[in-house]
Amino acid sequence: MEFRLILFLFVASIPAILAEDISHGTIVVDGTITVAQTDDNFICATIDWWPHDKCDYKQCPWHYTSVINLDLSHPFLVKAVQAFDRLRIRVGGSLQDQVLYNVGNLKSPCHPFRKMKDGLFGFSKGCLHMERWDELNHFFNATGVMLTFGLNALHGKHKIKRSLWVGDWDSSNAQDFMKYTISKGYQIDSWEFGNELSGNGVGAHVLVDQYGKDLIYLKKIINELYKGSPFKPSLVAPGGFFDRDWFAKLLQISGSSILDAMSHHIYNLGAGVDPKLVSKILDPNLLSKVADTFSNLTHIIRRHGPWASAWVGESGGAYNSGGRHVSDTFVNSFWYLDQLGMASKYHTKVYCRQTLIGGNYGLLNATTYVPNPDYYSALLWHRLMGKVVLAVDSDASPFLRSYAHCSKGRAGVTLLVINLSNQTNFIMNVQNSINLKLAVKEQSISSDSFTRSLKKTFSWVGVKASDEALIREEYHLTPKDGYLQSRTMVLNGIPLELTGTGNIPRLYPAHVNVKSPISISPLSIAFIVFPSFEAPACG
């Protein structure tokens, strides 16, 4: 395996060698302080309501992947979800505020979604039959899913102008649905209220005073229905695009006992039809802009609602079903993994990817159910990156992105490095800040000599010297045949493909001497696990 990795890295680095564009640098990880913490089940994926005739840009990429008609018995789907050993799934999306639950004393007819010119998002109201709800919960239970379900928040309201909906929320149908869910013993981790109704909304919006009033009432219902239950679902809202004033006022109106998680949506790459989508994904300046949204939400929660946590309730990169031949290819993992790393730094507890399956941005192919590259990116993050976020710094160019967490389920630290450059091969030494602080304390040196000594330091694992051959684990991700828009991801030189029996392939690391520098080839991604990294913050 070690020889294979060396050969792979050598071949992958040939273009950079020929271009004579090799950059040496240092990454410093501070394992002494916890920067932030995510939830244990940070990785989340969505299942949407869109029917097969939902089309954008003369494309209809949803096929039969909706909550209503997804083939829950497909072995690829079952195995893909089971591989996470507790995947969080959010059921929701644009049409959720038009879903009727066919249970109890429903007074309206319950028909399937159909195209309707004057309907919200061009569709009529839809129907969730309890037989289908039973099937979904059987699937969730069998695959170990942790479920967030988005409720219809427009029931009982009416539109008065443009996209503004007014009136009190009619909770009767939702209550009957929740009662049925409880009676069947179905476990819901969290209920979410509405989809993209905040601020100016998307298709529809509700004024924050009314939304806050409805939210308080929903919390009362949850408390009553789950009274005496050993497990009470949390309440997540508003599931919309961030609007500073609207979000702040919602926390002020609802108060400390209502909202458990404040969810927002991100589509920072723009329209899926944009021909510049690939160049946007590889632009470090564009990727960093969304940090303002994360930072502002963190500030609002700390100031107005410290009892609530931040969630990304839906994020697909490019809106309107994602980018064809982009969102479902290797290049999208540069955006996706960078999002996961950045969101974690800003105290985001959960990050829901649009979608598990459906549209161009599914983790699974919408017709074959075969994993797309981002599926493996999500799975590696889920298995390797723990919930404790650490500070990391680098003297490399902005094209090398780096994030560090305590390793998941084991000692040590895991580093994620993302090389957005198409010609620079980064050769990086990793240092532990403990050593650097010790050096500063013990020596009085100039900044120049400090830099020279830092480059010579090899006992980076901690302050204790060791002669044993310490090993690190490396997971290098590249596209098949070097084609950025390949639908096949390559791990340490081996294409990731389902086994003959449809199982998710084993994700083997390469074992490398910890004292050697890390080589990050152009347009590649790597998870680096340091089992012996001394990090007091990791416990």
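**Terms set against values**

Trainee: Why is Val273 called partly exposed?
Mentor: Val273 has a relative accessibility of 47%. Buried means under 20% relative accessible area, exposed over 50%, and partly exposed in between (1.4 Å probe, protein chains only), so Val273 counts as partly exposed. This is a predicted model, in which local features need pLDDT of at least 70 and side-chain atom pairs count only at pLDDT 80 or more, while totals for chains, interfaces and linings use all residues. Residues are numbered from 1 along each chain as its sequence is written, and side-chain values use heavy atoms, leaving out hydrogens and water.

Trainee: Where is Val273 placed?
Mentor: Val273 lies in the loop between strand S13 (270-271) and helix H8 (277-281). Helices (H or I, at least four residues) and strands (E, at least two) are DSSP runs, numbered from the N terminus.

Trainee: What makes strand S24 a partner of S21?
Mentor: Two strands pair if DSSP finds at least two bridges between them. S21 (residues 471-479) and S24 are joined by 4 bridges and run antiparallel, so they meet that condition. Glu473 has His511 in S24 as its bridge partner.

Trainee: Which residues of S24 are on the covered face, and which on the uncovered one?
Mentor: In S24 (residues 510-513), Ala510 and Val512 form the covered face, and His511 and Asn513 the uncovered one. In a regular strand, side chains alternate between the two faces of the sheet.

Trainee: How much of the protein counts as buried?
Mentor: Of its 539 residues, 58% count as buried.
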